[in-house]
Amino acid sequence: PSAFRLALIQLQVSSIKSDNVTRACSLVREAATQGAKIVSLPECFNSPYGTKYFPEYAEKIPGESTQKLSEVAKECSIYLIGGSIPEEDAGKLYNTCAVFGPDGNLLVKHRKIHLFDIDVPGKITFQESITLSPGDSFSTFDTPYCRVGLGICYDIRFAELAQIYAQKGCQLLVYPAAFNLTTGPAHWELLQRGRAVDNQVYVATASPARDDGASYVAWGHSTVVNPWGEVLAKAGTEETIVYSDIDLKKWAEIRQQIPIFSQKRSDLYAVEAKKL
């Protein structure tokens with residue numbers, strides 16, 4: 001198939017884990033009834049976002065939250081990108097995205113590679129590295145439609161990751177992400193359009209809905225951008241499902257019209273993966 005429907009679930013996350021998971025699964029079902037074949041949840045969908053919450057909400061993978069994702073992926077016969085959850089493994093915590101196929105099997109587990117440690121004086125200071133450890137692998141998975149590359153939130157700022165995914169044949173990059181009221185208006189759409197145009201890929205971001213009462217206020221505005229850099233769909237700030245039809249004919253046309261991949265000067269520069 002040269003086209004398929006993508007859905008991004010902009011979930012309103014509460015402090016009650018079981019409620020978050022139940023509502024996430026019901027929105028996944030709704031997206032599937034609307035014809036979505038690949039569905040993504042937002043970053044930190046089962047827990048409030050914050051260093052004090054990560055240890056309290058962390059789970060093993062497989063574990064209770066991901067078991068529910070596996071079940072709903074199978075029930076709906078879709079590819080489900082499980083946003084991210086705080087994962088505990090061997091005494092360390094990770095910000096992790098688990099992906100399930102239409103048979104309910106775990107396809108890949110992406111641990112956020114770049115930890116969100118920033119300091120914008122008077123605006124926002126955050127240090128994921130206080131409680132989290134970084135992942136150290138690239139994460140892609142194949143579907144009958146296209147190959148998908150995964151990043152989580154801050155990973156999108158690193159152009160090299162997207163370039164490597166493009167080299168690996170990904171046509172769609174999905175970043176479950178929770179930008180904030182400082183970085184959101186400044187860079188959210190810009191980064192997505194930049195990654196899309198530079199690599200001639202579709203780029204999608206799934207954010208939690210905005211909760212002005214939360215300790216970390218998410219920007220919202222889950223978005224889909226095409227390889228030409230056009231915004232195909234963009235949510236507001238409230239809980240919603242964003243749909244976009246991903247057209248791989250359009251992807252092929254753009255790569256033909258502006259053939260940057262055959263024009264790169266590998267005699268002058270390279271971006272290369274240091275590990276598989």
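Guide: UniProt positions are given here in this structure's own numbering, with shortened feature names, and annotations may be inferred rather than shown by experiment. This is a predicted model, where local features need pLDDT of at least 70, side-chain atom pairs count only at pLDDT 80 or more, and totals for chains, interfaces and linings use all residues. Residues are numbered from 1 along each chain as its sequence is written, and side-chain values use heavy atoms, leaving out hydrogens and water.

Visitor: Which residues does the "domain: CN hydrolase" annotation cover?

Guide: According to the unreviewed UniProt entry, residues 4–248. Helices (H or I, at least four residues) and strands (E, at least two) are DSSP runs, numbered from the N terminus. Over residues 4–248 the chain is 25% helix and 31% strand, with its end C-alpha atoms 9 Å apart.

Visitor: How do strand 7 and strand 8 run, parallel or antiparallel?

Guide: Two strands pair if DSSP finds at least two bridges between them. Here, 4 bridges join strand 7 (residues 117–120) to strand 8 (residues 124–127), and the two run antiparallel. Asp119, for instance, has Thr125 in strand 8 as its bridge partner. The pair forms a hairpin with 3 residues between the strands, and Gly122 in the turn has a positive phi of about 80°.

Visitor: Which residues of helix 4 are buried?

Guide: Buried means under 20% relative accessible area, exposed over 50%, partly exposed in between (1.4 Å probe, protein chains only). In helix 4 (residues 159–167), the buried ones are Leu161, Ala162, Ile164, Tyr165 and Ala166. Just after helix 4, Gly169 takes a positive phi of about 90°.
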